[in-house]
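Open the model in your viewer and keep the selection panel at hand.

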Amino acid sequence: MSELELTVNRTIAAPRETVFNAWLSPATLAKFMRTAADGVEAAHVTTDPVKGGRFRIVMVTPEREIPHSGTYLEVSPHTRLSFTWESPHSLDDSVVTIDFAEPAPGQTEITLKQVKFRSEEARDGHIKGWTAILGYLADSLVLA
């Protein structure tokens with residue numbers, strides 16, 4: 001079986017430093033790390049955003065709580081963030097890498113890649129989830 005992976009891109013109307021830092025702040029993460037179901041927010045978020053540090057995000061839907069956690073593998077300020085992604089639908093050694101580019105002043109281009117899923121269905125669900133999350137991130141930074 002070939003290794004399943006995904007890539008999701010989004011340009012956000014905010015400076016690269018602001019967008020990068022949003023991924024490290026528990027309060028900000030709680031605003032945008034939500035399921036693709038509108039209006040459902042992360043209930044609990046903790047981070048230790050240093051190489052080797054851990055994070056925990058519990059997304060809550062009306063039906064259940066969905067735990068996510070991982071270890072930061074790379075924290076390169078304003079350019080790259082990489083972490084393991086432990087969720088019910090990805091493999092234990094799944095890794096998410098986010099690259100941050102600034103194509104123009106006040107604009108940030110995010111390229112999010114994730115590797116290793118239990119199935120194509122799980123990968124496709126994560127594409128939908130990450131796409132929604134990047135949209136929520138853009139909305140939360142506009143409202144900030």
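Select W23, L29, M33, F55, I57, Y72, F83 and W85: these residues line the largest cavity. A cavity here is a set of points on a 1 Å grid over the protein atoms alone where a 1.4 Å probe fits but cannot get out, and lining residues have an atom within 4 Å of a point. The lining divides into eight nonpolar residues, no polar and no charged. Ala, Val, Leu, Ile, Met, Phe, Trp, Tyr, Cys and Pro count as nonpolar, Asp, Glu, Lys and Arg as charged, and the others, Gly among them, as polar. The volume of this cavity is about 50 Å³. A search of the whole structure finds one cavity of 30 Å³ or more. Volume means the space filled by probe spheres set on the points, with grid points joined across faces, edges and corners.

A note on the model: it is predicted, so local features need pLDDT of at least 70 and side-chain atom pairs count only at pLDDT 80 or more, while totals for chains, interfaces and linings use all residues. Residues are numbered from 1 along each chain as its sequence is written, and side-chain values use heavy atoms, leaving out hydrogens and water.

Next, the largest pocket. A pocket is an open set with protein on both sides within 12 Å along at least five of seven lines. About 430 Å³ of space lies in this one. Select I66, H89, G125, H126 and G129, the closest to its centre of the 21 lining residues. Then show α3 (120–143) and β4 (65–76); each supplies at least two residues of the lining. The largest share, eight residues, comes from α3. By class, the pocket lining has nine nonpolar, eight polar and four charged residues.

Now switch to cartoon for the whole chain. There are three helices and seven strands. Helices (H or I, at least four residues) and strands (E, at least two) are DSSP runs, numbered from the N terminus. From that end, the order is β-α-α-β-β-β-β-β-β-α. The radius of gyration is 14 Å, close to the 15 Å that the globule rule gives for 144 residues, so the chain is as compact as a globular protein of that length. That radius is taken over C-alpha atoms; the rule is 2.2 Å times the number of residues to the power 0.38.

Last stop: colour by burial. Of the 144 residues, 44% count as buried, meaning under 20% relative accessible area with a 1.4 Å probe, protein chains only.

Note on methods:
Buried < 20%, exposed > 50% of the residue type's maximum accessible area, 1.4 Å probe, protein only.
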